[in-house]
Structure formats: C-alpha cells, structure tokens
Amino acid sequence: MAHLIFDPVNYAFNLYAVPVFMASLVSLFMGTLILVHERATRVSFLFFVSTFTISIWLFSFGWMYSAVESRVAFWWAKAAYLGVPCIGSALYHFTTVALHSGPGFRKLIRLNWEISALFALLAVGSNYLVEGLFRYPWGYYPKCGWLGIPFLLFFFTVMIGNFQQYWIEYRKAETPIRKKRIGWLMLSFVIAYLGSVDYAAKFGFPVYPFGFLLVLAFLTIVAIVVLRYHLIDLTPAFAAASILNTMPNALFVEDLERNIRVVNQPACRILGYEESELIGKPITSIVPLPLDPKYVYRYQDLSEAPLKNSAMQWRTKGGRVLEVSIFGSVVRNPDQSPAGIVWIAVDTTALRRTQGALSETAAQLARSNAEREQLELFAYVASHDLQEPLQKMIGFGALLKKQCETLLNEKGRDYVDRIQAAAFRMSRLIEDLLRFSRVVTQTETPASSVDLNDVVREVLSDLEVRVAESGATVEVGPLPTVNVDRLQIRQLFQNLISNALKFRKKSEPVRVKIGTKAASENGFVEVAVEDSGIGFDESCSEKIFKPFERLHPRSEYEGSGVGLAICHRIVKRHGGEIIARSHEGQGATFIVKLPKHF
C-alpha cells in the first residue's frame, strides 16, 4: 500500500483541495503561535493539541480530494480519523482548563480521551466507522459505517458539554471582562457547531463540506481571546486558590465540629487522597495514628497560644508513616468568635531520615578517629620504645663478638649471629609497620603536580647499588605527570621496584620495565611495573596486598610482608587501583591506575 500512497501518479491537482490544505497549515500555525507566545501554559498547550487534531483531519482530507485511485483515497479517509475523534475531547479539555472548572472534571476528561482513542483505533483497524467512499464533484469522501451514529452521538454530547460549561460560567461571571471573554468563546463554539454540516456528505447528501471555514473562524476567535485575556482571572479567590495549591506544605481548615472544609493540593499529594475523600471528614479519621496530646486541643488554648512546630506521625492512604511538624491557629469570624482552625503540616520525613544518617556518620567518624589515634599512639611507641631495646641487642651483640671472640666457640658465635639477625629483622619490621601506619592514619593527602619520570629516576638512584649487585636491567619509558602526594608515590615505586629486584630467578638477571600501560581514559592513567622474575600463582593476586602475607619462606627471600600492603593503601588513598598479574616462573606485572587530578 505504501507504494501507492507515495506514487505521484495516483494524485491529480484538485482546486477543492487547495483551501483545505491551506486551512490545515493555518490551523497548525495558530496553535504553534499561541503555544510559543504564551510560553507553553496549560491553556496554550491544549489549544495547540486542538489545532493539531484539526490539522490531521484537514491535511488527510486534502490528499483524499486529490487522490485519483480509490484505494489511496480510502487510506487517507482512515488517516483523517486519527484526528477527527480527538477534536471534541481536546476542545473539552481546553474548556475545563480555560474556565478553571476544577479537579471534578478530571475523570470525565480522561474518559473522553479514552473513548476518542477507541474510535480512532476502530477507524484505522476496521471498516466499522468508515466503510467506503462516495464520489462527489469535489472528490472522494468517506462513507459512514454502522459505528458512525454512535460516534456522532459521542461527538455531539462532548460538544454540548462544552457549551454547557460556558453557559454556566457565563451566568456566574461577576466581572464584565470575564462575561465578555466567555461570551466570545461561546460564540466561537456556536460557529464550530455549524461546521458539523460536513457530516451530511458522509451519509450520501451531496452538500459541499465547507465546515473547515467555520472551524478556522472558531480557531481565530479563540486565539484572539487567548492572546488578549490569557484566560486567567486575577480575582482574590483565584489568587488565594493559586497560593494554597502552590505552597509546598499541606494545609487543612477545620470547622467547629472538626470536619475538614478546605484542603490544598500538597495535602492531597502528601497523604495520597483525592480532595473529595478529605472534604467533610475529621482529620482524626484520615490520620488514625495516636494523636499528640497537644493536638487534642481546645479553641481557647489555641487562642491564647498557637501551636507551633509540634512533631507528629501521620499515615498516608497507602499505609506509609510520615513524620510531620504541625502548626495550628484559630480562624475567626468578623465578630472575633472562633470559626475553625487552620493547620499547616510540614513533611519532615526526609529531614528526619537525613538527620539519622548524619548521626550515624558522625558516630562512625568518631570511631574512626579513635582508631586513628590508637594507631598514632602505636607508631609513637614503636618509634621510641621498641627500637631502643633492639638497638641495644644489636650493639651489645656486636661488642660480644668483638671483645669475646676468643672466648666463644663456633656454636656461641652462631648464636650471637642469630640474635643479631633476629634483631635486624624486628627493626625492619617495625620500620615497615611505621610506614604502613603513617599511610593509614594520614587524614589528608597533600597533592601537587608530580612528574613520574623524576620520581622513578630518584628511586633508581637510591637503588643503584642493589641494581648493580643483582645485575638487573631497568628500562623506563615515558611516564605521565599526575596530581599526587609526591612522598607516597615515591614510596610506591620504591616498593614495587625493590620487589622486582628481590624476587628474581637465580639462573638469570632480572629485567624490569616501567612505562605507561594505556592512554588516559576517564581521567585515569595506567603505569605498569613489569619484571621477569619468579612470578607467583595469580590466584594469590589479592592475598599479596594484605599485611604480613608472604608467598615464600623467609629463608629464601627476606622481608616483612608489608611492602605491597603499603602500595595498596597508597593507591587507594589516591582514589586509584593496583592490579597484580602473574604466572609462576614467568615474572609479574603490577598495574597502577591513578587519577590525573586527585
């Protein structure tokens, strides 16, 4: 079917189609103009929707008139009914909003749209609404099916409902301006009703469908009214209603019998009720939780001292409990006698939840600070009290070997060597623990722009002797500049390079490569330290970053098992990640991901 619709051969110039096409464009232009000029207010948006549905009808009819092939004309007739059933509902919706008819019409508006959508679907998907075509002098025209009568009844019922709303509001109008505005709108709808003459041709009466001209007149009048009056009444009642419904807090007004007489939209939204479910009912029946004693009030009490900021719990229609703060004061008649009470409720549920989360965070912070202070105390004790006896053990062991060498046999000298070796190991372990505790307890990381090329150059200078003794080859590629703590990053590379030199194969010199693993991605850089050493089982790639974890006996490789834990902590403190990849006997690669801007 598509090839027929888009084939120019199936169309011919038809003078009758020209004004219909023009009316379609003018209609859409007016709707767009009002929408832009009024900055997409509800009234202007609904007027645009009305003009859009009318444009669909007229645009499709223009092509139907121009069609020379009946199948193509029939397709355009059905396409027109995507808009025609919705015209009445769009105008009804426009009327209720323009007249501020209130929320009582919402269900009726929704029902109208649902019925319109049903008719549109039936028109497109079946032949019940459009069962064929008539051939008139002005071109093809749709022939109504059996569903045409129910559709016309629905259409005219909606249009009569429109006129009824205008008539009621016209009689209630208190100001000449409002009366004049509604009068013009009533006149426009009378003109629009006359456009229904187009339906005569759908039942076989050869009456030229000039209704599009009347619809254009209708749209023109409505557009002028919208542009001139904006369809807003700035009366005290309208302003008060607007204030009540735009305020962020819930508001109730109770009479002397404690029945709710006024409620705003925020109150309905907070509690999950419709306005009709609250009006006329006592608040105690809507909020069944036990009331705060202050809420069981007497008018005399509130007259002397209005209730302020009283905490309560309310239950919504769905059963959810809300924390609210209540304010109450007496409303008085002109003779100063009590008329009722105004209640304003502030939903503090989110605030209470946030306060609870802040309290928990504060408690966690206090515990964390206490743990940090304990670690700092340990560092102080380790740096002063534990090192001193170790230094004495090392010193006196050296004196014992030097001054009593002739008195000691070979077993005695071995014992002294073991004591000194154990003391040296303990001293190194304490130093490693001190370095680890400094990284853990440091609350702030002083960051600056650091060239990693300079850092690695300094580390290799410090390790120059070890590199020479091990016969290692170290290759350094171009490294990026990052915003980091220079001292900690220096410690990171010193530990990684030292490990590469330490865990080497006895059969061949180790090769160490340091370079950028990948280009910057999402603000991160990747630097890899790769060696050709003994490697390790990759299943241990997370275990090695834990303090005191060793994969090899101390007799084979010295160390405390803290170096990689320090590396892991430094990288995490910078918001990065360190990954270890390896296979036994094939070397290891440590990939460090660091943010460029910390």
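Okay, let's start with the rings: Tyr16, Trp57, Phe61, Tyr65, Phe134, Tyr136, Trp138, Tyr141 and Tyr208 are linked by ring pairs into a cluster. A pair here means Phe, Tyr or Trp rings (the six-membered one for Trp) with centres within 6.5 Å; planes under 30 degrees apart are stacked, over 60 edge-to-face, and the rest tilted.

Quick caveats. This is a predicted model, so local features need pLDDT of at least 70 and side-chain atom pairs count only at pLDDT 80 or more, while totals for chains, interfaces and linings use all residues. Residues are numbered from 1 along each chain as its sequence is written, and side-chain values use heavy atoms, leaving out hydrogens and water.

By that pairing rule we get 33 aromatic pairs. Take Tyr81 and Phe151: ring centres 6.1 Å apart, planes at 65°, so that's edge-to-face. Tyr81 sits in the loop between helix 4 (70–80) and helix 5, and Phe151 is in helix 7, 70 residues apart. Helices, by the way, are DSSP runs of H or I, at least four residues, numbered from the N terminus. Phe151 also pairs with Phe119, centres 5.3 Å apart and planes at 75°, so edge-to-face again. Phe119 lies in helix 6 (residues 106–125), so this pair ties together parts 32 residues apart in sequence. Buried or exposed, Phe119 and Phe151? Both are buried, meaning under 20% relative accessible area with a 1.4 Å probe, protein chains only. Tyr81 is buried too.

Now charges over rings (NZ of Lys or CZ of Arg within 6 Å of the ring centre and within 35 degrees of the normal). Arg135 has its charged end over the Tyr140 ring, 4.4 Å from the centre. Lys179 does that with Tyr170, at 4.6 Å.

On to the holes. How many cavities of 30 Å³ or more turn up in the whole structure? There are 2. A cavity is a set of points on a 1 Å grid, over protein atoms alone, where a 1.4 Å probe fits but cannot get out; lining residues have an atom within 4 Å of a point. Volume is the space filled by probe spheres set on those points, which are joined across faces, edges and corners.

The largest cavity holds about 260 Å³. It has 20 lining residues, and Trp57, Phe155, Gly195, Tyr199 and Val215 are the closest to its centre.

Note on methods
On a 1 Å grid over the protein atoms alone, a cavity is a set of points where a 1.4 Å probe fits but cannot get out, and a pocket is an open set with protein on both sides within 12 Å along at least five of seven lines; lining residues have an atom within 4 Å of a point. Helices (H or I, at least four residues) and strands (E, at least two) are DSSP runs, numbered from the N terminus. Buried means under 20% relative accessible area, exposed over 50%, partly exposed in between (1.4 Å probe, protein chains only).
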